[in-house]
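Here is a short briefing to read alongside the model. Take a look at the fold, and then let's walk through it together.

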Amino acid sequence: MINWFKYSTPRSFYPLAGSVVPWFAVGAVLTAIAGLYVGFFVAPTDAQQGEGYRIIFVHVPVSWMSMFIYVVMAFWAAVGLALNSRLSAMMASALAPTGAMFTFLSLWTGALWGKPMWGTWWVWDARLTSELILLFLYIAFMALQSAIDDPRRADKAGAVLALVGVVNIP
């Protein structure tokens with residue numbers, strides 16, 4: 001039986017994480033290449049949108065990931081806040097830049113799709129606006145973490161911000 005609690009400290013978790021990162025990276029790259037190939041070369045052309053709809057094969061997954069990463073980030077921040085676990089807070093801090101990147105890609109690919117389909121780069125739709133607010137939450141989380149010198153206080157402040165964001169995102 002494996003004692004999973006021994007991996008709850010950075011000292012024992014980092015070697016394990018470092019050993020599995022290459023395997024996960026290879027799997028992620030292979031599945032991304034396969035998905036992009038199917039989306040851009042195998043899927044048929046849409047009758048109404050033409051070739052412009054193919055950006056959706058990138059836009060929808062990055063949009064889902066932007067929201068999913070925020071929920072995971074808020075979960076780890078809450079665990080760090082509730083259990084005073086430094087590794088949980090480090091997980092939340094590590095997820096924030098990746099989530100911000102996916103959120104930015106979601107907004108960018110949505111604009112690239114929206115211009116030929118709607119004739120404009122941006123509309124103040126609730127889905128688009130909530131994604132923009134999500135980007136601001138990621139940026140605020142990272143800025144707040146960086147602004148506080150004491151790591152424990154920064155973790156607590158970031159956790160409160162992340163949880164407030166979960167409650168207030170529509």
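Just after H2, Asn84 adopts a positive phi of about 55 degrees. This is a predicted model, in which local features need pLDDT of at least 70, side-chain atom pairs count only at pLDDT 80 or more, and totals for chains, interfaces and linings use all residues. Residues are numbered from 1 along each chain as its sequence is written, and side-chain values use heavy atoms, with hydrogens and water left out.

**Overall architecture**

- The protein has five helices and zero strands, where helices (H or I, at least four residues) and strands (E, at least two) are DSSP runs numbered from the N terminus.
- Along the sequence, the pattern reads α-α-α-α-α.
- Taken along the principal axes, the C-alpha atoms fill a box of roughly 55 × 35 × 25 Å.
- Of the 170 residues, 29% are buried (buried means under 20% relative accessible area, exposed over 50%, partly exposed in between, with a 1.4 Å probe and protein chains only).
- Among contacts (heavy atoms within 4.5 Å) between residues at least 6 apart in sequence, 63% join residues at least 24 apart.

- Buried residues of H2 include His59, Val62, Ser63, Ser66, Ile69, Tyr70 and Met73.
- H4, residues 126-147, has 22 residues and reaches 31 Å from its first C-alpha to its last, close to the expected 32 Å.
- On H4, the buried residues include Leu128, Glu131, Leu135, Tyr138, Phe141 and Gln145.

**The nonpolar core**

- The largest nonpolar core has 18 residues, and those with the most contacts inside it are Tyr70, Met73, Tyr138, Phe141 and Ala162 (such a core is a set of buried Ala, Val, Leu, Ile, Met, Phe, Trp, Tyr and Cys residues joined through side-chain atoms within 4.5 Å).
- Helices H2 (56-83), H3 (86-118), H4 and H5 (151-168) each give two or more residues to this core, and H2 gives the most, with six.
- Leaving out residues up to four places away in sequence, Tyr138 touches Ser66, Ile69, Tyr70, Met73, Ala96, Gly99, Ala100 and Thr103.

- Ser106 lies in H3 and is buried, with a relative accessible area of 4%.
- Beyond four places in sequence, Ser106 touches His59, Val62, Ser63 and Glu131.
- Leu107, also in H3, is buried at 17% relative accessible area.
- With the neighbours up to four places away set aside, Leu107 touches Trp122, Leu128, Glu131, Leu132 and Leu135.
- Leu107 and Ser66 are 41 residues apart in sequence and 10 Å apart in space, C-alpha to C-alpha.
- Asp155 lies in H5 and is buried, with a relative accessible area of 12%.
- Apart from neighbours within four places in sequence, Asp155 is in contact with Arg86, Ala89 and Gln145.

**Surface**

- The accessible surface comes to about 11,000 Å², of which 74% belongs to carbon and sulfur atoms (areas come from the Shrake-Rupley method with a 1.4 Å probe; for residues, only the protein chains shown count as cover).
- Tyr37 is found in H1, residues 10-42.

Conventions. The expected span of a helix is 1.5 Å times one less than its number of residues.
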